[in-house]
Amino acid sequence: PAAGSWARYEVVDPPAERPRVTELRLSVPRVEDVDGEPQAWFQLEAFSAGERLYALALRVPSLDFLSSPGEGVPVSRYVLFPPDGSALEFVDRNTGAALLPRFGLFEHALPHAAGGERVFFREGTYLGRTLRLEESGTGASLLPVDEARRLELDPDVLIGTSRHSRDDGTGQKRRLRGARADYRYVDLTESDYARMMEAGLNVFRVPSHHLSHVIEEPVFFLVLDGFQNRPEILYRSNFLGAVMYMDEPAARLLNQRELADATTPGEAAATITRVTRDRYEGSDRYGRRHLDRLLRDAGYDFGCEVLQGDYPVWEAVASSAWYEFEAGIPGWCYEGRFQPTKFAELIREHLGVEFPADPEACLAFHFAFFTGAARHFDRRWGISVYGQMDAQAADLAFPRAYDAGATYFWLWTSDRSHHVPFERQLELVRELRDYRERHPRHAGARDLTNGAEVAIALPWGYLGPEAWLPVPGGSQDGRLWGSDDLALDAKTAGGATYRKVLQQAVREAVRRWEENVRFDFIFLRPGEKATGYERVYRVLETAEIVEESGLRRF
């Protein structure tokens, strides 16, 4: 349509409760030249009984998305006009392009013509309701897009903490009647949020009464309540949803002895995969349907199921990443409690392998599980710092993960020794902020994640030694998956012991570390081949290692 064209639609049978859009006005108020090509401003204004609920403005090269549901087009600018507060323009900090909402803008949240008509159509749909053209004309004007507050967000580096509270700065309290020492926690204040954002945190899980501190800032937010007065919530590009993470599927099954009856590693791994997938598909607090349930409980009907698909497992078992990714979870973040000297001592004691008592080596060993799994399944990964982590390892963890392609950089707040004191959190995040300024990523997170030259392949179903060593996150009893049949000195299907197989994998990792060669750990089924690596060292259940040139015995 010509610039200035507009059309007004009645929403037939609008939802009885929220968002209760009764009228929709679509327009193309302006066409602009962008790098020698024409682009149109498409504008949507949603009304309820004559009162505007919200409006959107998108600058696009075509309006084809209105005639083909789910078919998107490039968007160079995206501006939201909420019912209150500032107009906001959402921008991807890395590309300078528009950052779009995560909840199906083209699939569900924009109108579509019925029967393949083009703009302006006579009949269509919006949020599951029928649209009927009432009138059309010319003379539409563009809303004040250039007055919008510009929010530059970074979806590739997500830095957050687990709570909306902090310690009060007085340290851990004395033990009382045998209880473990803990901190005193207080709610975050507006000034605390300001300090956190200045330091570099950009992900906040907030209660609704804290939402005003973050909703118009260049940060992402998650919220569980207060949706009643937010009809525009799905159009906010900084809204991540309701679920920040799925908590410890592998660690919980291990701790609760749910896998103690497993007779093979594959049997246990299949259970982890099934349980993770079931949780992810559910509507409880860790499921991707949880947001939809909360919105419906708040009275909303958006005409579709609102799925929150993009969040990670937050996990204590490093080598379970492979199986949890296989379940379909899109992200994975490790609960970092690295103690390099103790880890090296335990590797030497239990496997007889001289492992470097060095934070860099400890980090590289664990990161190999994360990057190997993320690379294979094309997913995102990350690292968090817990209070038990060695101080030198904590100083290195975020920068090294950043260099290796991580997306999640999280900190744990609360729970005694798990807690990272507030001032220490700010210190670690500032160090990452400053490191990023000195070392900007010249490759994308995916390319950095895929940077290993070598893979060390264990049989599918195995866990790395970190899972059974007596370290935080380990089972502490020398059994894979906590099963008597999988004790370290039990025999594998190939006749070797599990201890010998894992010993070979760790020795291979130490060799690669000493050669300054980056490596991944991967888990392969019989006959499955790894691709994309220069060399693959496959550790068999006979405790032999097969590499590209054939069989090598130790």
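Contact here means heavy atoms within 4.5 Å. Keep that in mind while we look at this predicted model.

A word on confidence. The chain averages a pLDDT of 93. Of the residues, 96% score at least 70. One stretch to treat separately is residues 549–554, where pLDDT stays under 50. For that stretch the model has 15 contacts beyond four places in sequence.

Now to helix α9. It covers residues 391–403, so count 13 residues. From first C-alpha to last, α9 reaches 19 Å. That is close to the 18 Å expected at 1.5 Å a residue.

Look at how α9 begins. A side-chain oxygen of Asp 390 comes to within 3.1 Å of the backbone nitrogen of Gln 392. Next, move along to Ala 397. There α9 has a kink of about 35°. Just past the end of α9, Gly 405 has a positive phi of about 100°.

Which residues of α9 are buried? They are Ala 393, Ala 394, Leu 396, Ala 397, Phe 398, Pro 399, Ala 401 and Tyr 402. And what covers them? The cover includes four helices you can find on screen: α7 (340–351), α8 (359–377), α10 (422–438) and α11 (445–449). It also includes the strands β20 (380–385) and β21 (408–411).

Phe 409 touches Phe 398, Ala 401 and Tyr 402, among others. Its other partners include Val 157, Ile 383, Leu 432 and Arg 441.

In soluble globular proteins, nonpolar side chains tend to be buried together. Here, the largest nonpolar core has 186 residues. Phe 409 is one of the members that touch the most other members, along with Leu 44, Phe 227, Tyr 235 and Trp 481. Helix α8 gives the most to this core, with eleven residues. There is also a second, separate core of ten residues. Among them are Ala 55, Val 79, Phe 81 and Leu 143.

Last stop, Arg 512. It lies in helix α12, residues 498–514. Is Arg 512 buried or exposed? It is buried, because its relative accessible area is 3% and the cut-off for buried is under 20%. The side chain of Arg 512 makes a polar contact with the side chain of Glu 515, at 2.8 Å. Leaving out residues up to four places away in sequence, Arg 512 touches Val 454, Ile 456, Val 517, Phe 519, Arg 535 and Tyr 537.

Terms used
Residues numbered from 1 in each chain as written. Predicted model: local features only at pLDDT ≥ 70, side-chain atom pairs only at ≥ 80, totals over all residues. Heavy atoms only, no water. Helix = DSSP H or I, 4+ residues; strand = E, 2+ residues; numbered from the N terminus. Expected span 1.5 Å × (residues − 1). Bend = angle between axes of the 7 residues up to and from the residue. Buried < 20%, exposed > 50% of the residue type's maximum accessible area, 1.4 Å probe, protein only. Polar contact = N/O pair within 3.5 Å; in protein donor to acceptor, adjacent residues only side chain to side chain. Core = buried A, V, L, I, M, F, W, Y, C linked by side-chain atoms within 4.5 Å. pLDDT = per-residue confidence, 0-100.
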